[in-house]
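Please look over the chain below. This report covers its fold, its core and its overall dimensions.

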Amino acid sequence: LLTAYPSILGARQMGGGFGGCILILVAKDQRDVVLDAVRTDYLKKTGIDARLIPIMLSEGVRQLVSS
């Protein structure tokens with residue numbers, strides 16, 4: 001996966017025994033290109049239309065203080 005798409009920064013397969021999913025870290029400006037390529041390649045190889053769910057990283061967990 002990483003060698004096929006140079007703009008992918010990292011990837012991890014999760015839950016492979018139950019259908020699973022792959023979490024892919026990709027540069028924001030390349031997101032749509034990678035999504036289209038992965039969807040097309042997956043369909044060609046498996047005959048299944050992949051369900052892709054784009055997400056964006058956030059600042060993470062932090063404490064909120066009321067004023």
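Which residues of helix 1 are buried? They are Val34, Leu35 and Val38. These three cover an arc of only 100° around the axis, so they sit on the same side of helix 1. Val33 and Lys44 lie on the other side of helix 1, and both are exposed. Strand 1 and strand 2 are included in what covers the buried residues.

The model is predicted.

**Fold**

Along the sequence the pattern is β-β-α. The elements run as follows.

| Element | Residues |
|---|---|
| Strand 1 | 8-14 |
| Strand 2 | 21-26 |
| Helix 1 | 31-46 |

**Hairpin**

Strand 1 and strand 2 are antiparallel and pair over six bridges. Together they form a hairpin, with six residues between the strands. Gly15 lies in the turn and has a positive phi of about 60°. Met14 stands opposite Cys21 of strand 2.

**Helix**

Does the length of helix 1 agree with or depart from the span set by its 16 residues? At 1.5 Å a residue, helix 1 should span 22 Å. Its end C-alpha atoms are 22 Å apart, so the two values agree. Just after helix 1 comes Gly47, with a positive phi of about 80°.

**Core**

In soluble globular proteins, nonpolar side chains tend to be buried together. Here the largest nonpolar core has five residues: Tyr5, Ile8, Val26, Val34 and Val38. Of these, Val34 and Val38 are also among the buried residues of helix 1. What does Val26 touch, leaving out residues up to four places away in sequence? Its contacts are Ser7, Ile8, Leu9, Arg31 and Val34. Ile8 and Val34 belong to the largest nonpolar core along with Val26.

**Whole chain**

How does the radius of gyration of the chain stand against that of a compact globule of 67 residues? The globule would come to near 11 Å, but the chain has 15 Å. Along the principal axes, the C-alpha atoms fill a box of roughly 55 × 30 × 20 Å. Buried residues account for 12% of the 67 residues; buried here means under 20% relative accessible area. Take the contacts between residues at least 6 apart in sequence: 16% of them join residues at least 24 apart.

**In brief**

The pattern is β-β-α.

Conventions: Residues numbered from 1 in each chain as written. Predicted model: local features only at pLDDT ≥ 70, side-chain atom pairs only at ≥ 80, totals over all residues. Heavy atoms only, no water. Pairing = 2+ DSSP bridges. Helix = DSSP H or I, 4+ residues; strand = E, 2+ residues; numbered from the N terminus. Core = buried A, V, L, I, M, F, W, Y, C linked by side-chain atoms within 4.5 Å. Buried < 20%, exposed > 50% of the residue type's maximum accessible area, 1.4 Å probe, protein only. Contact = heavy atoms within 4.5 Å. Expected span 1.5 Å × (residues − 1). Arc of directions from axis to C-beta. Rg over C-alpha atoms; globule rule 2.2 N^0.38 Å.
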